[in-house]
Amino acid sequence: MIKINNLHASIDGKEILKGINLEVKAGEVHAIMGPNGSGKSTLSSVLAGREEFEVTEGSVEFDGKDLLDLAPEDRAREGLFLAFQYPVEIPGVSNINFLKTAINEKRAYFNQEPVSAKEFLALVKEKSALVELDSKLANRSVNEGFSGGEKKRNEIFQMAMLSPKLSILDETDSGLDIDALRIVANGVNKLKSPNNATIVITHYQRLLDYIVPDFVHVLYNGKIVKSGGKELALELEEKGYDWIKNELEVRN
Amino acid sequence: MTTAELTKKDTFLAALSPLQFNEDSYFEGLRNNAKNELNELDFPTSKTEYWKYTRLGKIVNNTYTLGQPEKIDITKFLIPNLEAHILVVVNGYYSPELSNFTEVDGVTLTSLSAAKKQGFEGLKKYFNQFTKAKKEIFLALNNAFHTDGIYLEVAKSNSVEKPYHILNITTGNNTLSQSRNLFIGNVGSMVKIIESFINVCGEKNFNNHVSEFFVAENTHLEYNKIQDKKETNFSVATEQVYQEANSNFTINTATFNGALVRNNLNIEVDASNCETNLNGLYLGKNKDHIDNHTVVDHKKPHCNSNEVYKGILDDESTGVFNGKVFVRQDAQITNAFQQNNNILLTDNATVNSKPELEIYADDVKCSHGSTTGQIDEEAIFYLQSRGISKKGALKLMINAFAKDALERISIEALQAYIDDKVEEELE
């Protein structure tokens, strides 16, 4: 699905990613964990195509295509989805109108007919139920006046509407209470299939109780320094990130 | 006052002097009064507070020839799916051949020049009445030298459903024209008017336009002004409005471009329980300069006014907004709301926004606000990350921004036309 090879990226001349290697196959769930400032959010931003970051070295292959060569919208159309850590409020643009535009632009990209009003409404109904999103919220302006939990649920609702091949959840658990966390995780789990994959970026192990990863990677100082199974997350939770830091120092 | 400026006014007046108007002594007297006024007036400079942000050099330094009547193809200026009476004014002259309307019971509709010849009662009562004491050079020029325009009077208790669409057209190069309208809504009447200000090819045309509105008791009058004169032409337009008790006046101004556009909107609310809506949307491109000056003068109690102006400025264009609301001592329980929001699409676009409130009453609810910002790049990226192109994202955001500026337009076909036009301009 996605093959990240020796990825280096910097912002304002400062190198943040210092050679990331990662391969995610269809049907897999990968968790990327790491302390603050390790480069977790930079990785998701670079993959989604945020312009402020400059890729200085390395390559990313997404479903056989050179991902870094695609505009952000084309990455989305090809099936990449980023659930934002801080979803943006867009006053005046209705959630529904925006999603319809997004779906139709994707369809046009693949030379398909626009979605019919009936088909679209049925999809909205089905997918909003998945994350228990009030249908009233679907009609409001994008994220405007949404609570923290509603914003995150709206991210997963959009993900469900767009049915991506690869979803990157960037700190989706931040700012969620336990009920909201359960709803969001349930939504993600229901969308899981052998044909898609998920990368969960998180600081805490908590979310991984609900979205169980096949692999856990530890990102530190711009590099993946340790990989393992789901038990690695538990070990991290128990020993803290200092354990990794110390281990690295010993090795050096 | 310098001699150079005097010369400019003199040149202007010399260009206008060949105009002959065979009018009766009453109307001739009005013109002569205005001519006398002109002796004491001069073109404003940037030192004139009211014109601080709009330099008139482009208009006053140009040499003009007088506009002449002309026959042109108007089909492409009509609004799709709009059933309307069509009235055409070319270079300040009414064109009966191009106009297309039917007689409506209770509506007196004719050219202003014909109305003067017939000496309608309403005409003598209201014409020039709201503009004469203003001591403003463009008004005085129009008072003295206007050629023709539309006279529309709706009789007492008549509601006219089908709108009137005036096409106010200028043609040629360096053409000077001064059109003039008078709209009268008598007690309990209702009427909707659209006026499109258009230019057919040519450059550096200047149209100095004046419309007077008398809105009687219980009358609903809606005036929609579409300015689409290309980036090479100049226009100054003044709307002078007088509202009586329980009346409702709405003006929507959509300005799509123009080298120099100045709108002077003066609304006198001289009775109780009135509602006034003045809204505008302006889109500047290249070196366009679009200036909206509005005055709402609340003189009596229990009135509401709502004002929303929104600007989207691209390239090196400039927008000016100056909205003034007076609440006189008698005007208790006034609700006056005013808002101006702007988006600058480039680093070289400019906005000068000046909301003003002058309140002399103590039991009123007034608010004003002004914002100028840029498109939220973070929001654009968010939309892109969902598969929407950058252009599509920009369009979604601008439409959302502009939406409430012109939502008071009650004519559906016009609303659709403006939506399309906004989209076309953003391409």
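How many residues of chain B are in contact with residues of chain A? There are 17, and they meet 20 residues of chain A; contact here requires C-beta atoms, placed from the backbone, to lie within 7 Å.

This is a predicted model, in which local features need pLDDT of at least 70 and side-chain atom pairs count only at pLDDT 80 or more, while totals for chains, interfaces and linings use all residues. Residues are numbered from 1 along each chain as its sequence is written, and chains are lettered from A, with ligands numbered from 1, in the order in which they are written.

**The interface.** Select α7 (377-384) and α8 (390-402) of chain B; each supplies at least two residues of the side that touches chain A. Helices are DSSP runs of H or I with at least four residues, strands runs of E with at least two, numbered from the N terminus. The largest share of that side, 6 residues, comes from α7(B).

**The sheet in chain A.** Next, display the open sheet of 6 strands, ordered β6-β9-β10-β3-β11-β12, with mixed pairing. Strands pair if DSSP finds at least two bridges between them. At the edges stand β6 (80-83) and β12 (223-228) of chain A, each with a single partner strand, so one side of each is left without a neighbour in the sheet. Within the sheet, select β3 (residues 29-33) and β10 (residues 197-202) of chain A, which pair in the parallel sense over 5 bridges. At A:Met33, the bridge partner in β10(A) is A:Thr202.

**Phe213 of chain B.** Finally, centre on B:Phe213, whose contacts beyond four places away in sequence include B:Phe183, B:Leu221 and B:Phe249.

Notes:
Contact = placed C-beta atoms within 7 Å.
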